[in-house]
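Here's a quick briefing on a few backbone spots worth a look. Have the sequence and the model open as you read.

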Amino acid sequence: MEISIKIQKIHSRVELPQYESEGAAGMDIRAFLDSDAVIPSLGRAKIPTGLRVQLPPGFEAQLRPRSGLAINFGLTLLNSPGTIDSDFRGNLEVILVNLSREEVIIKDRQRIAQLVIAPVYRAGIFHVDALDETSRGSGGFGSTGSI
């Protein structure tokens with residue numbers, strides 16, 4: 001399924017997101033920096049992308065980590081997935097966290113995250129006095145076993 005989304009570049013040198021393979025679920029997005037960003041070990045940084053997006057109602061954009069940055073440099077997104085609502089019109093920024101023991105340098109135009117477009121279902125909320133019982137009940141955090 002394909003939908004159309006509008007993307008605005010805030011500067012001419014910003015690259016539009018793009019799918020890097022035929023079956024890719026996410027589009028790679030890049031850093032938009034005037035100078036390198038240094039993220040210390042266990043530090044975090046808000047990295048601008050130079051992009052603004054307009055999504056149709058009923059859809060969201062999710063910012064997700066890139067697996068290569070995670071395995072090679074210990075970088076991931078702090079609020080993963082980051083949600084971009086259909087009514088948000090601000091500049092997209094990515095919160096990167098460095099989980100490695102070494103500082104990591106982010107350069108202008110470096111691919112830093114993936115952008116995945118997904119449908120959103122809004123829930124109708126109904127107050128009830130009790131919920132249906134299940135065999136699991138209120139068990140959580142490992143209650144179904146460790147393997």
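In which loop is Gly26 found? This is a predicted model, and in it Gly26 sits in the loop between β2 (18-19) and β3 (27-30).

**Around Gly26**
- With a relative accessible area of 4%, Gly26 is buried, because buried means under 20%.
- Leaving aside residues up to four places away in sequence, Gly26 touches Tyr19, Gln114, Leu115 and Val116.
- Gly26 and Arg66 are 40 residues apart in sequence, and their C-alpha atoms are 9.5 Å apart in space.

**The cis bond**
- Going from Ser80 to Pro81, the peptide bond is cis, with omega near -5 degrees.
- Pro81 itself belongs to the loop between β8 (75-77) and β9 (82-84).

**Positive phi outside glycine**
- Leu42 isn't a glycine, yet its phi is positive, near 65 degrees.
- You'll find Leu42 in the loop between β4 (37-39) and β5 (44-48).
- Leu42 counts as exposed, since its relative accessibility is 64% and the cut-off is over 50%.
- Arg109 also has a positive phi, near 70 degrees.
- Look for Arg109 in the loop between β11 (104-106) and β12 (111-119).
- At 35% relative accessibility, Arg109 counts as partly exposed.

**Why flag these?**
- Most residues other than glycine have a negative phi, and most peptide bonds are trans.

Terms used
Residues numbered from 1 in each chain as written. Predicted model: local features only at pLDDT ≥ 70, side-chain atom pairs only at ≥ 80, totals over all residues. Heavy atoms only, no water. Helix = DSSP H or I, 4+ residues; strand = E, 2+ residues; numbered from the N terminus. Buried < 20%, exposed > 50% of the residue type's maximum accessible area, 1.4 Å probe, protein only. Contact = heavy atoms within 4.5 Å.
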